Amino acid sequence: MQKIELSVHEFMTIMGNMDENFGGRMKAPDESVYTHWFAQWKAMDERLESLGLMERADMLFDGKVAINALSEIHFQELLKCVRSQVKFHGQLIADGDEDGDEDELNMWEERMAELQAIHDSADWQNQG
């Protein structure tokens, strides 16, 4: 299986969006990737909060989160969330919103292409 790496920023954004969509941990399905990654997300959030501004920025954009085991259902959830980020950032730019950022859109588009290529490969799945 190919290892999937997300930046800390990507991981935190994905989990934050899932948290918002589910309405918190207690409302999320047990089989969700959100539930599976929840403890790691909370630990990462606490660590980020303990850092100074520059250290936090460095960790968000230079730090990596490695994902080694992912079921088909979880991979589909991840793809769906990344697709929604592409759509969201594309819409901000199309609307001329001051928060629209081409670099952010490009980052999510690149992540989507990478994840789709991994998913389309024959050896991505780890049944462990």
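**Entry 1**

I started with His89: leaving aside neighbours within four places in sequence, His89 is in contact with Glu104, Leu105 and Trp108, where contact means heavy atoms within 4.5 Å. His89 is found in helix H4; helices (H or I, at least four residues) and strands (E, at least two) are DSSP runs, numbered from the N terminus. I noted that this is a predicted model, where local features need pLDDT of at least 70, side-chain atom pairs count only at pLDDT 80 or more, and totals for chains, interfaces and linings use all residues. Residues are numbered from 1 along each chain as its sequence is written, and side-chain values use heavy atoms, with hydrogens and water left out.

Is His89 buried or exposed? His89 has a relative accessible area of 8%, so I wrote it down as buried; buried means under 20% relative accessible area, exposed over 50%, and partly exposed in between (1.4 Å probe, protein chains only).

Next I looked up His74, which is also found in helix H4. His74 is buried because its relative accessible area is 11%. Leaving aside neighbours within four places in sequence, I found His74 in contact with Glu31, Ser32, Val33 and His36.

**Entry 2: Gln76**

Gln76 has its place in helix H4, and its relative accessibility is 32%, so it counts as partly exposed. Which side chain does the side chain of Gln76 make a polar contact with? I found that of His119, at 3.2 Å. A polar contact is a pair of N or O atoms within 3.5 Å; within protein, one must be able to donate a hydrogen and the other to accept it, and residues adjacent in sequence count only if both atoms are side-chain atoms. I also checked Gln76 against Tyr34: they are 42 residues apart in sequence, and 12 Å separate them in space, C-alpha to C-alpha.

**Entry 3: helix H1**

H1 covers residues 8-22, 15 residues in total, and reaches 21 Å from its first C-alpha to its last. That is close to the 21 Å expected at 1.5 Å a residue, the expected span being 1.5 Å times one less than the number of residues. Gly23 follows H1, with a positive phi near 80°.

I listed the buried residues of H1, among them Phe11, Ile14 and Met18. What covers the buried residues of H1 includes strands S1 (4-7) and S2 (64-67), along with helices H2 (33-49), H3 (53-62), H4 (72-94) and H5 (102-120).

**Entry 4: the two pockets**

For the pockets, a 1 Å grid is laid over the protein atoms alone, and a pocket is an open set of points where a 1.4 Å probe fits, with protein on both sides within 12 Å along at least five of seven lines; lining residues have an atom within 4 Å of a point.

The largest pocket holds about 260 Å³ of space. Its lining includes Asn17, Met18, Phe22, Lys80 and Phe88. H4 supplies the largest share of that lining, six residues. By class I noted four nonpolar, four polar and three charged residues.

The second largest pocket holds about 160 Å³. Phe11, His36, Trp37 and Asn68 are among the residues lining the second largest pocket. H2 gives the most to this lining, with four residues. How many charged residues does the lining of the second largest pocket have? I noted no charged residues, with seven nonpolar and three polar.

Terms used
Grid points are joined across faces, edges and corners, and a volume is the space filled by probe spheres set on the points. Ala, Val, Leu, Ile, Met, Phe, Trp, Tyr, Cys and Pro count as nonpolar, Asp, Glu, Lys and Arg as charged, and the others, Gly among them, as polar.
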